[in-house]
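Reader: I want to learn how to read helix packing in a model. Where do we start?

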Amino acid sequence: MKRKNILFLALLAFTQLTFSSDLKADFKKVPPGKLGSSYKRALRAFELKNYERAIKILNYSIVSESSSKYEVGESALLLARVYNDINEYAKSLELYNSLHNEHNRGFTPNDVCLYLDLLKRNGSISRGVEVVKYYHKNMRGNVRFNNLEKSLLEYYQYYGDQARNTGLIVSKFEFGSIVDGSYVYGVAPYQGGIVFLANEVDKFRLKSLSTNSKLYRFTSTGEIVPFSELRTIFQAGPVSFYNNGNSVIFTLNKLRSSKIGDKPFGEINNLQLYVENRKEGSDKWSRPVIISKNFCPKSNKYSFLHPSISEDGSRLYFASDMPGGYGGVDIYYVDYDKKRKNFGKPVNLGPKINTNGDELFPYVEGNSLHFSSNGHKGYGGQDIFVTNLKEADATIFHFPYPINTHFDDSNPVYDVINKKYYFSSDRKNSEEDNLTNKCVYIVESPDPMLSIMDAFNKTVKAGPIGGSGVGSKVVEELVALPDEEIYKLVHFDFNKATLKTEELFILDNIYQLWTLNKKAVIDLSGNTDTVGTELYNLELSKRRAEVVRNYLMAKGIPSESFILRYNGDNNPLRRIQPGMSENEIEQISRENRRTVITLK
């Protein structure tokens with residue numbers, strides 16, 4: 001791990017030095033096809049989810065003297081995508097920042113949207129607004145980009161209104177020590193309890209993130225036991241039970257060989273849907289039978305995942321990247337043909353639900369479709385939505401905070417019998433959490449759907465993202481005023497969010513300035529040094545912004561006068577460079593541990 005970090009630091013220093021104005025000219029001269037064999041090997045490794053190999057090749061390409069400047073740039077861009085796939089978000093964002101600053105000609109529309117999601121995840125909203133303005137002209141026809149743009153321009157007011165008004169309480173679902181520290185997701189109701197997936201991630205084998213999960217059962221009595229009844233070799237799940245729990249449809253890893261010319265290259269991991277049955281009263285399940293092979297031509301080249309089937313087995317919902325969709329992963333349904341004793345042809349749910357982003361984890365309860373998406377308007381990453389399938393003009397509801405956050409929130413499941421609403425999220429819960437933690441959460445309410453809709457109704461006066469209740473022009477002026485004037489900085493000791501007595505006069509001066517214009521907005525931007533994990537620094541920077549706000553509120557400034565940003569370690573005043581002395585590094589770290597206070 002140490003060597004990997006050293007390689008990454010060297011890469012950052014190299015990208016910051018290399019992506020200069022003469023490189024922009026080089027991009028114009030070198031056609032996109034002029035990429036060497038190293039890049040092609042790395043791209044293939046990335047497609048095969050062989051992330052270690054891709055990172056090794058790309059790091060070598062970036063520092064190799066034989067690489068053209070064009071190949072260096074394309075290698076850095078591919079490396080940003082690799083890091084995003086393995087949840088190394090800080091590294092991915094750092095690369096995207098450098099690439100955008102110096103030479104963004106290689107960005108695809110998907111890269112732009114990934115970059116914007118990373119900025120939202122990091123709390124860098126003003127930076128996000130700058131980026132959407134830059135790409136607005138060329139991408140205004142892109143649905144996902146349009147939704148990201150609008151949500152960024154309205155971000156602070158909407159997020160703030162929801163956080164203050166919903167009254168919702170969610171809590172981490174505690175499974176016990178057997179899955180502590182695991183990546184937990186894929187919840188499905190089963191016999192009064194739930195079945196779920198847990199993955200103890202092997203940090204030295206990055207591919208394990210997508211191929212190493214195991215099914216567990218949380219029984220109605222609170223016991224956790226492995227769910228090993230399914231007759232499979234590879235990872236099985238998520239699952240969906242029907243027929244009184246005697247039939248199950250599940251996602252199963254299906255490896256297929258890949259070749260370049262006549263030479264075998266590796267195995268591509270696609271996902272397919274299978275069914276198993278058992279006789280009532282028996283503990284033995286039948287052999288798995290694939291049901292997705294006839295969903296489209298050459299179905300083995302695509303993935304079919306996240307099943308949700310009606311109790312009588314008549315209709316199955318699932319997600320897939322098969323051709324004919326709106327881009328990314330779409331949600332489909334397919335009906336069971338009793339005469340043919342097989343499923344028919346899938347039907348895409350259409351552009352109201354599907355975007356050119358990814359729509360995942362459909363869960364159908366009655367007439368309601370619960371799902372997650374990064375293409376609809378939301379806080380960032382995957383957010384949770386619900387709509388009525390029987391109404392042609394039904395609203396798509398974006399669930400309020402704290403169900404949705406700027407992290408990935410997905411896998412919504414409403415257990416209507418036991419009145420429990422589950423979902424998964426990779427939000428930070430403690431200092432020990434890392435980038436691969438995904439936990440299951442539950443809405444604390446005797447009637448969770450009623451509480452969720454009550455919370456939603458409390459927020460509509462403020463206007464949902466994109467709604468008429470929020471003036472986007474006004475909010476845009478709040479979050480993207482040019483030529484911001486920084487009045488003061490307050491600094492913090494290492495790993496602290498406590499105000500220094502000797503700097504309180506700075507905040508007193510801010511208060512006096514505010515009294516001269518009580519309509520002024522006070523922007524507080526918390527920052528940290530580069531020691532620690534991304535999520536820990538994000539939380540620490542949030543506390544540093546909040547402690548300044550709390551001090552000023554105690555002096556009489558109302559809460560609505562503040563805008564809070566928390567950048568973690570992503571917005572340093574100065575960067576640590578290779579070869580610096582310990583004293584220089586400490587001095588830079590002290591300068592970066594700060595909250596920036598701006599009056600607008």
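**Helix pairs**

Author: Start with handedness: α3 passes α5 in a left-handed crossing. Left-handed means that the near helix is turned anticlockwise from the far one by less than a right angle; clockwise is right-handed. Helices are DSSP runs (H or I, at least four residues), and strands are E runs of at least two, numbered from the N terminus. This is a predicted model: local features need pLDDT of at least 70, side-chain atom pairs need 80 or more, and totals for chains, interfaces and linings use all residues. Residues are numbered from 1 along each chain, and side-chain values use heavy atoms, without hydrogens or water.

Reader: At what angle do the axes of α3 and α5 cross?

Author: Roughly 15 degrees, for α3 (residues 37-47) and α5 (residues 69-85), whose axes come within 11 Å. So α3 is roughly parallel to α5 (angles under 35 degrees).

Reader: Which residues of α3 and α5 make the contact?

Author: Contact means heavy atoms within 4.5 Å. α3 brings Ser 38, Tyr 39, Ala 42, Leu 43 and Phe 46. Among the α5 partners are Glu 71, Leu 78 and Arg 81. By class, the α3 contact with α5 has 6 nonpolar, 2 polar and 4 charged residues.

Reader: How far apart are the axes of α8 and α9?

Author: 9 Å, at an angle of about 145 degrees, for α8 (residues 125-139) and α9 (residues 143-153). α8 passes α9 in a left-handed crossing. Residues that meet include Val 132 and Tyr 135 in α8, and Phe 145 and Leu 152 in α9. That contact divides into 8 nonpolar, 3 polar and 1 charged.

Reader: How many helices and strands are in the protein chain?

Author: 16 helices and 25 strands.

Conventions. Axes are lines fitted to C-alpha atoms, for helices over the stretch in contact, and angles run from 0 to 180 degrees between N-to-C directions. Angles under 35 degrees count as roughly parallel, over 145 as roughly antiparallel, 65 to 115 as roughly perpendicular and the rest as oblique. Ala, Val, Leu, Ile, Met, Phe, Trp, Tyr, Cys and Pro count as nonpolar, Asp, Glu, Lys and Arg as charged, and the others, Gly among them, as polar.
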